[in-house]
Amino acid sequence: MTAQLLAKAENTSAVEIIRFNTAAQAERAAAAVLRRHITQTANSVLGLATGRTMLPVYAWLRQWHREGELSFAQSTSFNLDEYCGLASDDPSSFVSYMRLNLFDHVDMAKGRFHFPDQTHPEAFDARIRDSGGIGLQLLGIGRNGHIGFNEPGADRGSRTRVVTLSVSTRMANAGDFPAGTPVPEQAVTMGIATILEAERIVLLATGSGKADILRRAFQGPVGSDCPASYLQLHNHVTVICDSAAAAQLEEPS
Ligand code: F6R
């Protein structure tokens, strides 16, 4: 309790929460932040997320690329996480997700997108640093407060590493696997410290299923019970949400 209060007192949080009426508006706004960053930054370094929340975001990026408004030719990306034990061409892998939803449709060069590797997780942070560091990190949020696959209990100082997934996360993601195929028990994820090193962070949350955790993450105490709450310690976080996800947030007084 004391540690949590101290963390709060030292908090220099600059979390900006932007609420939209609909999920479609929130998704487009998150995609537009990425577009602006990519077009205004030479050699942009992006941190990317997977999950259902991001599907419409990537649809916008594909569309803008198709229409000639957006090029990824000078961008580099680092994905947050990947399951352990899946071949990269496994349809349930995050590599497949990203190829299907973004990389195969845009002009990012093949060697420019990166995923953490379960055999050398520690090399990922060095690789991010060598690329100049992540300029814009896109995040979703799990119902238990995970970011990347940093489940409750994750340490503020954690780095890219192999983790064991919680039962609730495996259940939430079961739909991404063929019937009868179990969700892997382990994954490799960027750590909390890795994520907090990004220059700017944009977290997108849509739907009533995220309402409780959004309040806990951004209006509750900072601590490992809710890993997303560590984002309060960062100085440039934008939370973009729809009214359903924002339903339990207290209005600023
Ligand atoms: C995925 C990731 C996860 C998801 C989270 C929410 O790369 O990092 O933290 O953002 O599990 O997933 P959805 O969007 O499916 O609710």
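Which glycine follows helix 5, and is its phi positive or negative? Helix 5 is followed by glycine 132, and the phi of glycine 132 is positive, near 105°. Helices here (H or I, at least four residues) and strands (E, at least two) are DSSP runs, numbered from the N terminus.

This is a predicted model, in which local features need pLDDT of at least 70, side-chain atom pairs count only at pLDDT 80 or more, and totals for chains, interfaces and linings use all residues. Residues are numbered from 1 along each chain as its sequence is written, and side-chain values use heavy atoms, with hydrogens and water left out. The predictor's confidence in each residue is its pLDDT, from 0 to 100. The chain averages 94, and 94% of the residues score at least 70. Residues 1-12 stay under 50. For that stretch the model has eleven contacts beyond four places in sequence; a contact means heavy atoms within 4.5 Å.

Stay with helix 5, residues 122-130. Its buried residues are Phe124, Asp125 and Ile128. They cover an arc of only 95° around the axis, which puts them on the same side of helix 5. The arc is that of the directions from the helix axis to the C-beta atoms. Buried means under 20% relative accessible area, exposed over 50%, and partly exposed in between (1.4 Å probe, protein chains only). The face turned away from the buried side carries the exposed residues Glu122 and Asp130. The cover over the buried residues of helix 5 includes strand 3 (76-79), strand 5 (113-114) and helix 7 (192-196).

Strand 3 also holds serine 77. Serine 77 is buried, at a relative accessible area of 0%. Residues up to four places away in sequence aside, serine 77 touches Leu46, Leu48, Phe103, Met108, Arg112, Phe113 and His114.

Now helix 3, residues 55-66. Its twelve residues, at 1.5 Å each, should span 16 Å, and its end C-alpha atoms are 17 Å apart, which agrees. The expected span is 1.5 Å times one less than the number of residues. Val57, Tyr58, Leu61, Trp64 and His65 are buried in helix 3. Seen down the axis, these buried residues fall within an arc of 120°, so they line one face of helix 3. An α-helix has 3.6 residues a turn, so residues three or four places apart point the same way. Among the elements covering the buried residues of helix 3 are helix 2 (23-40), strand 2 (45-48), helix 4 (94-101), strand 6 (136-139) and strand 9 (200-205). Glycine 68 follows helix 3, with a positive phi near 80°.

Next comes the loop between helix 2 and strand 2. Asparagine 43 is found in this loop. Its phi is positive, about 50°, although asparagine 43 is not a glycine. Most residues other than glycine have a negative phi. Asparagine 43 counts as partly exposed, at 47% relative accessibility. Serine 44 lies in the loop between helix 2 and strand 2 as well. Serine 44 is buried, with a relative accessible area of 1%. Beyond its neighbours within four places in sequence, serine 44 is in contact with His37, Ile38, Gln74, Ser75 and Thr76.

Helix 2 itself contains alanine 26. Alanine 26 counts as buried, at 0% relative accessibility. Not counting residues up to four places away in sequence, alanine 26 touches Phe20, Leu204, Thr206, Ile240, Cys241 and Asp242.

Threonine 238 is found in strand 10, residues 237-242. Threonine 238 counts as buried, at 1% relative accessibility. Its contacts, residues up to four places away in sequence aside, are Glu16, Ile18, Arg200, Ile201, Val202 and Leu203. The side chains of threonine 238 and arginine 200 make a polar contact at 2.9 Å. A polar contact is a pair of N or O atoms within 3.5 Å; within protein, one must be able to donate a hydrogen and the other to accept it, and residues adjacent in sequence count only if both atoms are side-chain atoms.

Last, the ligand. It is surrounded by 13 residues, and the closest are Thr53, Asp81, His146, Gly148 and Lys210. A residue is near a molecule or strand if one of its heavy atoms lies within 4 Å of it. An N or O atom in the side chain of threonine 53 is 2.4 Å from an oxygen atom of the ligand. For threonine 50, a polar side-chain atom lies 2.8 Å from a ligand oxygen atom. Arginine 52 uses its backbone: a polar atom there is 2.9 Å from an oxygen atom of the ligand.
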